[in-house]
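Biologist: I would like to learn how to read a structure, one feature after another. Could we take one as an example?
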Amino acid sequence: MSAAPDFEPSKLGTKSHWDEVYEREINNFEDHGDIGEVWFGEESVVKMMDWIEEHQPDFDIKTIDLGCGNGHILFEMSTLGYTNLTGVDYSPASITLAQKIHAASYPDASIHFEPLDFMPYTPTNLPPAEYNATFQLAVDKGTFDAISLANGVVEGEDGAAPVNAVDRAKVAGKYAEAVSLMLSEGGILLITSCNWTEPELVEGFKDCECFIQPWDRDSS
């Protein structure tokens, strides 16, 4: 990502924060059946589902949700009929929550959840075979934004090591490289962001040989 972000680092970019959030949401789900927060709200989910239904009609399209959280996006896709779904998150607690919701509310959904941090993947440190150049569709609702808010290239033990915006731009740019390694030829990344503008996203992904086509929201 060549342009430095003009927003400040945040605890939302730390693994420790999300571990704490999902541990709390596991307890809430077990006690009250509450699945937890829907990041960016339901409207963004509806828009993503509309795009997927229109542009990806093959229900068996191999799909990965990057930073799946409570699994909400994949559960919605399953409800629409999609069957080849994988959710990953670097917070094991989020995967536990997603699996509990899966078993309780969507037992027939064909979804595989697994704890996974994909950010270390590089051309010299490829993903394992089951994740290497294998997915036709990757979806992201908020994960790229959270990564962009990280405090450093490698989070310190206290999660609070200050770095400047250029360093955080490098962290964000690393995302594009890692994701491109998991996509098959012609694979698509459907991403929703509130921190980056459309031109910034296009610029940030151009070096990874990704096909960039901004979504015309007014025509969807």
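Biologist: Is the crossing of H1 and H4 left-handed or right-handed?

Modeller: Bear in mind that this model is predicted. The crossing of H1 with H4 is left-handed.

Biologist: At what angle do helix H1 and helix H4 pack?

Modeller: The angle is about 25°, and the axes of H1 (residues 15–32) and H4 (residues 92–105) lie 7 Å apart. Angles under 35 degrees count as roughly parallel, so H1 and H4 are roughly parallel to each other.

Biologist: Which residues in H1 and H4 meet?

Modeller: On the H1 side they include Tyr22, Ile26 and Phe29, and on the H4 side Leu97, Ile101 and Ala104 are among them. The residues of this contact divide into 8 nonpolar, 2 polar and 6 charged.

Biologist: Now a single residue. Why does Thr86 count as buried?

Modeller: Buried means under 20% relative accessible area. Thr86 has 10% relative accessibility, so Thr86 counts as buried. Its place is in strand S2, residues 85–89.

Biologist: With which residues is Thr86 in contact, leaving aside its neighbours within four places in sequence?

Modeller: Those residues are Thr63, Ile64, Asp65, Leu74, His112, Tyr131 and Phe135. Asp65 is 21 residues from Thr86 in sequence, yet their C-alpha atoms are 6.3 Å apart in space.

Biologist: And the whole chain: how many helices and strands does the chain have?

Modeller: There are 7 helices and 5 strands. Of its 220 residues, 45% count as buried. Among contacts between residues at least 6 apart in sequence, 77% join residues at least 24 apart.

Technical notes: Residues numbered from 1 in each chain as written. Predicted model: local features only at pLDDT ≥ 70, side-chain atom pairs only at ≥ 80, totals over all residues. Heavy atoms only, no water. Helix = DSSP H or I, 4+ residues; strand = E, 2+ residues; numbered from the N terminus. Buried < 20%, exposed > 50% of the residue type's maximum accessible area, 1.4 Å probe, protein only. Contact = heavy atoms within 4.5 Å. Axes fitted to C-alpha atoms, helices over the stretch in contact; angles between N-to-C directions. Parallel < 35°, antiparallel > 145°, perpendicular 65-115°, else oblique. Left-handed = near helix turned anticlockwise from the far one by under 90°. Nonpolar A, V, L, I, M, F, W, Y, C, P; charged D, E, K, R; others polar.
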